[in-house]
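The sequence and structure are shown first.

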Amino acid sequence: MSKHKNKEKAAEQSKHDFDFNGGWDYSPSPESIGHVKLKERYDLYIDGKFVKPNSGKYFQTTNPATEKVLAEVAHANESDVDKAVKAARKAYENVWSKLSAKERGKYIYRIARLMQEKARELAVVETLDAGKTIRESRDVDVPLACNHFFYYAGWADKLEYAFPNRTVSALGVAGQIIPWNFPLLMGAWKIAPALAAGNTVVLKPAETTPLTAMLLAEIIHESGLPAGVVNILTGYGDTGAAIVNHPDINKIAFTGSTNVGKIIQKAVAGTGKKLTLELGGKSANIVFEDAAIDQAVEGIVNGIFFNQGHVCCAGSRLFVQESVADEVIRKLKDRLDTLYVGDPLDKNTDIGAINSKEQFETIQKYIQIGKDEGASMYESTCQLPENGFFVRPTLFTDVAQSSRIAQEEIFGPVLTIQTFRTIDEVIQKANNSPYGLAAGVWTDKGSRIFNLTTKLRAGVIWANTYNKFDPTSPFGGYKESGFGREGGLQGLGAYLKIER
Ligand code: NAI
Ligand code: MG
């Protein structure tokens, strides 16, 4: 390193404790993709067959890290949806509800095992289609998706133990609409409990991430699941709306934006369809002065930068107790500079590509709003790839409670930081949000954790950790974050009629 460079480095270093920007590079370590063969075109999976859409239309899905087209998928219209719902109804009446619960469970286990066998392919395709890092799709999304099938397979023949002294029965046909942030995992969250409870399914993946859903359709086909029990239709919002509005559907499960959630709630009102909505969030992550600060910093990073911040329960609002705020913010800035942003297929990458151009523009819009509102912005100094949609990990300090960046969901790698002095103050600030999905608490005191868990209005509260998921624990929100729970027994109950 030249003397001049050293001087520059020293100047830079005086700003922070460490300079991680020089001499800490890893060699590239890209995941091989040779074993993955995508088709040029994917049709709809209806009644146990891959069929061309009645609409005759197809659309392209791209890799947001390269902006290259990966494949074409069918755009299902109302008549395709009708065909799928009819197939699901027929399969429910004639086959699925007639099978013993034990037999139904075996199919679900088989799907789980086949997914495990194809885990590597699923992870690579998820990363290609969604832009998320291979580390996350390989270590989080795919294993968790398999776990959901394994977990619910176990319940299939034990429903009377799951809900003792109650009579339980399946609902019928479930219509399920999922988002693009965890495409395969959301598919598993929806399909596994629905099948275990004895329902049949019509599922629609998001338009920017349809490919792992189609691989799942192939896996389901290979499992020998009776025709029509699971139908998978690709398409846009109009396809989703056709599922929601179909009169012969008994249950709608939706994960996505609060806006669309509201439209669906109105559409379903008075129809007798059972509904669960898992919508947006603006979750508070709260650090007290007695917390293990270095661990908390890791938790903050994991809370907001995991999956590029495309996480409904992302810890996007950080509250730090005033006495440790300087230390936490300084350590966070240092940590931001160590995060690798870039090729999602590289195993070293921490932050991959933003899922779509639209979402990229939304995030840029919010960063500008934050600046215009007078908050102080800090972003990491890393180089971004030339193509694709990438955003540097970003944080804002001097954020007002009323600021839009502190109130609205950004769904990107952007953190707002506020400080507090007392517990009452932070509870009041944390709850001052239209959302209520999750929260994190970092403290050494167990009593404080218990106190906060009763007062924070959030569906999930993590203590001294963040973004931990498990098929056995329920997940879901309050207020504009939606209602109903997924995961655990509660998630099973959401697909059952439970009577005394
Ligand atoms: P979106 O809510 O439009 O998309 C989610 C799913 O709903 C997709 O499969 C879409 O095709 C479908 N959909 C769209 N309109 C529909 C309708 N009228 N009826 C039935 N289904 C419909 O979300 P979008 O536009 O992709 O993202 C916008 C914002 O929503 C994001 O910036 C983020 O803030 C939030 N979001 C939250 C998610 C979460 O997990 N809570 C997931 C995705 C987005
Ligand atoms: Mg895509």
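A residue counts as buried under 20% relative accessible area, as exposed over 50%, and as partly exposed in between. The model discussed here is predicted.

By that scale Tyr236 is partly exposed, because its relative accessible area is 34%. Phe59, at 8%, is buried. The structure holds 15 aromatic pairs. In one of them, Phe59 and Tyr236 are tilted, with 4.6 Å from centre to centre and 55 degrees between the planes. This pair links distant parts of the chain: Phe59 belongs to strand β4 (residues 58–63), Tyr236 lies in the loop between β9 (230–232) and α9, and 177 residues separate them. Elsewhere, Trp189, Trp462, Tyr466, Phe469 and Phe475 make up one aromatic cluster.

| Charged residue | Ring | Distance to ring centre |
|---|---|---|
| Lys251 | Tyr495 | 4.5 Å |
| Arg448 | Phe288 | 4.5 Å |

Strand β11 (residues 274–278) contains Thr276. Thr276 is buried, with a relative accessible area of 9%. Beyond its sequence neighbours within four places, Thr276 contacts residues including Lys251, Phe254 and Ala494.

The largest pocket has a volume of about 1000 Å³. Its lining consists of 42 residues, and Trp180, Phe254, Gly256, Ser257 and Val260 lie nearest the centre. By type, the lining of the largest pocket has 19 nonpolar, 15 polar and eight charged residues. At least two lining residues come from each of α9 (237–245), β10 (251–255), α10 (258–268) and α13 (357–372). α10 gives the most, with seven residues.

Definitions and conventions. Residues are numbered from 1 along each chain as its sequence is written. Chains are lettered from A and ligands numbered from 1 in the order in which they are written. This is a predicted model: local features need pLDDT of at least 70, side-chain atom pairs count only at pLDDT 80 or more; totals for chains, interfaces and linings use all residues. Side-chain values use heavy atoms; hydrogens and water are left out. Helices (H or I, at least four residues) and strands (E, at least two) are DSSP runs, numbered from the N terminus. Buried means under 20% relative accessible area, exposed over 50%, partly exposed in between (1.4 Å probe, protein chains only). Contact means heavy atoms within 4.5 Å. On a 1 Å grid over the protein atoms alone, a cavity is a set of points where a 1.4 Å probe fits but cannot get out, and a pocket is an open set with protein on both sides within 12 Å along at least five of seven lines; lining residues have an atom within 4 Å of a point. Grid points are joined across faces, edges and corners, and a volume is the space filled by probe spheres set on the points. Ala, Val, Leu, Ile, Met, Phe, Trp, Tyr, Cys and Pro count as nonpolar, Asp, Glu, Lys and Arg as charged, and the others, Gly among them, as polar. Rings of Phe, Tyr and Trp (its six-membered ring) pair if their centres lie within 6.5 Å; planes under 30 degrees apart count as stacked, over 60 as edge-to-face and the rest as tilted. A charge sits over a ring if NZ of Lys or CZ of Arg is within 6 Å of the ring centre and within 35 degrees of the ring normal.
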